[in-house]
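Please open the structure in your viewer and keep the selection tool at hand.

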Amino acid sequence: MALSQVIERIITPTVEGMGYEVVRLTVSGGHRKTLQVMAERKDGINMSLDDCTHLSRAISAVMDVEDPIEGAYSLEVSSPGIDRPLTRPKDYQRFAGFEAKLETRAPIDGRKRFKGRLRGLEAETVKIEVEGAELALPLEEIEKAKLVLTDDLIAAHQAADEQQPN
């Protein structure tokens with residue numbers, strides 16, 4: 001099992017218990033590693049600096065007890081941001097209607113990169129409209145995916161901010 005998977009299993013109960021979800025976790029670096037945890041609130045409210053700080057302290061405490069990384073490391077906790085990565089099946093449903101860039105592991109119909117409007121997820125298949133045609137990409141074949149920063153996405157993000165309690 002990869003180190004990132006081990007760490008995700010270790011921290012997920014704490015993260016979820018605090019009302020957050022792990023969006024993406026990466027471990028990078030050689031001698032001194034960096035653990036990057038991207039998280040979001042379960043209640044849909046945008047992450048604040050206080051959320052990141054609170055989560056960072058809790059993750060640090062769990063990591064100190066479990067100690068899965070040899071030697072010193074840096075911990076970075078962040079929000080996914082507006083043009084966020086799409087890492088979970090539910091992300092493709094949640095952000096249907098917005099523009100995204102997807103990259104597959106192997107070519108599909110002669111290409112690996114796709115940019116278009118997400119149309120959702122159906123039976124483990126991501127639907128995306130590219131140049132007027134709807135394509136079906138197997139979820140398991142998607143290596144990287146992220147939202148594209150557009151006026152529509154910014155407007156939706158601002159509308160969500162305005163609906164949040166202060």
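**A salt-bridge network**

Select Arg 88 and Glu 21: these residues form a salt bridge, with the closest N and O atoms 3.5 Å apart (a salt bridge is a side-chain nitrogen of Lys or Arg within 4 Å of a carboxyl oxygen of Asp or Glu). The pair links distant parts of the chain, 67 residues apart: Arg 88 is in the loop between β3 (73–78) and α3 (89–94), and Glu 21 is in strand β1. Helices (H or I, at least four residues) and strands (E, at least two) are DSSP runs, numbered from the N terminus.

This is a predicted model, in which local features need pLDDT of at least 70 and side-chain atom pairs count only at pLDDT 80 or more, while totals for chains, interfaces and linings use all residues. Residues are numbered from 1 along each chain as its sequence is written, and side-chain values use heavy atoms, with hydrogens and water left out.

Glu 21 is buried, because its relative accessible area is 17%, and buried means under 20% (exposed is over 50%, partly exposed in between; 1.4 Å probe, protein chains only). Lys 90, at 42%, counts as partly exposed. Glu 21, Arg 88 and Lys 90 are among the members of a network of salt bridges that also includes Glu 40 and Asp 91.

**A helix residue**

Now select Leu 153 in helix α4 (residues 151–163). Leu 153 counts as buried because its relative accessibility is 5%. Its C-alpha atom is separated by 9.3 Å from that of Phe 95, 58 residues apart along the chain.
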